[in-house]
Amino acid sequence: MVPIYYYLILSAILFSIGVAAFLIKRNIITIFMSIELMLNAVNLTFVAFAHHWHQVSGQIFVFFVMVVAAAEAAVGLAIIIAIFRTRNTLNVDSVDLMKL
Amino acid sequence: MTGSLNLWLIPLVPFAGFLVNGLVGRKLPKVLVTAIALICTLIPFLQVAKIWFQFSSITTPYIEHLGTWIWSGAFHADFDLQLDQLTMVMLLVVTGVGFLIHIYSVGYMAHEEGYWRFFAYLNLFMFFMLTLVLSENFLLMFVGWEGVGLASYLLIGFYILKDSAVRAGIKAFVVNRIGDFGFLIALFLLIAHFGTLSYHEVFAQIAQHPEWQGGVLTAIALFLVLGATGKSAQIPLYVWLPDAMEGPTPVSALIHAATMVTAGVYMVSRTHIIFDRSPFALSTVAIIGAATCFFAATMGLLQTDIKRVLAYSTVSQLGYMFLACGVAAYSSAIFHLVTHAFFKALLFLAAGSVIHSIGGEQDMRVMGGLRKKIPVTFWTMTAAVFSICGFPPFAGFFSKDGILYQAFISPNGGKILWFFGWVTAGLTSFYMFRLWYLTFLGESRAESHELAEHGAPVHARADSKLAVEDEHPHSVHESPWVMLGPLVILAILATIGGFIGVPAAMGGHDEIGHFLDPVLGTGNHPPGGENSGLELALSASAVLIGLVGLLVVHILYKVKPELPGKLATQFHGLYNLVVNKYWVDQIYGAVIVTPLLLFSRYILKALIDRGIIDGAGFAAGATAQGFGAIVQRVQSGNIRSYAGWLAVGAAVLLIAVYFGFTAHF
């Protein structure tokens, strides 16, 4: 039986990598991936606790998070394409104006 | 009485006319504008006439509840209209004279710019005036009171391109505001003291407490008087009325002679139950009235503008009405109000007809000899002159003598009041016949344009009828029948109108006095009997002094035309005093207006408004701007910096929860 804190530590590491990547990276697609990483770190925590307490609600939450993440990916990618088309760049530092 | 009288129709129909003409009148053809304005004045008149014919079957006061306006705790003010004898008289005068003047205006204003605007304003005035007389509580009366002031302002300043007209409008409005302030204070006192503004509730409370004398009732009455002096152009607030002659002449006839300016008299009569409890307020009214009627008459003596003579005459006649109110002869005041509405409206309309016929000139010194050229105007004007001078059997004779007699028999210095009124009768006769002689008799002075009576240069007035003047400068022509018709009707009324109130001493029944008894109380018209000899003697003396006035005019302006100039040089000081109207306008200007303007400009505007209020605003703005300049750096638009702040915030929250706040949960 793997103790719960193993999962939690792994989850924390993944989440921190996600945050760090989000803050450091300039490429918008990489930032997008780091968001996915953070979401999945949280998913891992949910599943771990669900298993630990023998409660199914944690797993149900995970499904919700996945659905939201999928929706977000669809919308986000569309936005990214739109940004690239208009500005010819994916560097977030040069995308700091609401309008052109 | 079965069914409703539909009193609401009376004010609201003119209002509908105002809305239509005011909103789309610019685009409508002239005929349609005329039709709307006239029909919207005719309908109320017919409605009033209908009510008049069934009046004996109405239980008065008849109150029509239209809705609740303000409801706050125990206090409530309603849209209630009331019909009683006093209202009936006022309604007949306002709608009757108002309709005639509307007809007249069709001819008089035919060539003016802004024809639709004029009729829209006139209808608006009718709406507010009818609201004023129909209201059942002080608040609704105040609505009408303010509204007629507004309509008056709009109509005085009708010639919006003429600077003096605009200024006169503003002056009228501002001076009236002073009076309205008094009215408002009176309303607040009424609410504080009685908890209601409804006439019958206030009067019922007073009736239940016979011990209430003076005190707060005096205060209320005096503030009401202040309001009345503003609206009815009494000392000290009369100064706006002569200037109001800048408006078109039908306006002067309707608003500044027949109806609006009598609102103060109506108000004092309506609230006479309050005044009856305050002898001090009553004597104030009487003194104001006597002083106004005398001084205004002297100011009118030497005016050269035909309309200004009539303006001072109006102030003077209103003084008579106030005098009557002040000696608690309310029905005499209302009687004089009615006859005055007839003859003064007629005087103004006839003067307008004169002005119209000679192409816009208002200076009597260049008139003269118009009797043959405009005979209808001349004869109607003559009826009005005889009426205002109080020669029997014209209307003014009965009403004015009623007032003088009542003043004479009243206690507390009534004889002095009577004396001023009596002298004023002579002065009235003088200035009216002077106007009559200068305008209609003698030779025409229009061609020669020589220096007029006192050697003063003839100043061509910036006249109100610019359009007409240039087309035919000197061809004198009688006015069209649309103008003469109302003149003739009013002339008949000014001649025989007095027979509604022939006093008992002259073998009459004082019908109007008895008619008004249910509202104004029975004690205010003299019985016949032992005093009738005195009353007849007083009447005779008043007619006599009127004849003296006529005689003096005849000598000065007919027999020895060189005499006025000599007298003017001989009594130089007095002459200047009167010609300059006692410098009242100048004194007001120096004592009140100039300090007020300086105070406003330098203290209120420069120091308080610019310095403190604007300063505080600017300081607050600058502070916010400075703070914003610092904080705006955070909102860079850079996504990674936002994310950084988010991460820092989350970290701080985590640390706080972990170390600090766990204890509280």
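How many helices and strands does the secondary structure of chain A come to? In this predicted model, the count for chain A is three helices and zero strands, giving an α-α-α pattern when read along the sequence. Chain A is more spread out than a compact globule, because its radius of gyration is 17 Å, well over the 13 Å that the globule rule gives for 100 residues. Along the principal axes, the C-alpha atoms of chain A fill a box of roughly 55 × 25 × 15 Å. Burial in chain A comes to 8% of its 100 residues. As for contacts in chain A with a separation of 6 or more, 47% of them link residues 24 or more positions apart.

Chain A also touches chain B. Seven residues from chain A and eight residues from chain B make up the contact.

Within chain B, helix 11 (residues 263-270) is worth a look. This helix is largely enclosed by the rest of the structure, because eight of its eight residues are buried. Among them are B:G264, B:Y266, B:S269 and B:R270.

Then there is B:Y312, which sits in helix 14 (residues 306-326) of chain B. B:Y312 counts as buried because it has 25 C-beta neighbours inside 10 Å, where the cut-off is 20 or more. Leaving aside residues up to four places away in sequence, B:Y312 touches B:P242, B:A296, B:M299, B:G300 and B:Q303. B:C293 lies 19 residues from B:Y312 along the chain, and their C-alpha atoms are separated by 9.0 Å.

How values were computed: Residues are numbered from 1 along each chain as its sequence is written. Chains are lettered from A and ligands numbered from 1 in the order in which they are written. This is a predicted model: local features need pLDDT of at least 70, side-chain atom pairs count only at pLDDT 80 or more; totals for chains, interfaces and linings use all residues. Two residues are in contact if their C-beta atoms, placed from the backbone, lie within 7 Å. Helices (H or I, at least four residues) and strands (E, at least two) are DSSP runs, numbered from the N terminus. A residue is buried if 20 or more other C-beta atoms lie within 10 Å of its own, exposed if 12 or fewer, and partly exposed in between; C-beta atoms are placed from the backbone. The radius of gyration is taken over C-alpha atoms; the globule rule is 2.2 Å times the number of residues to the power 0.38.
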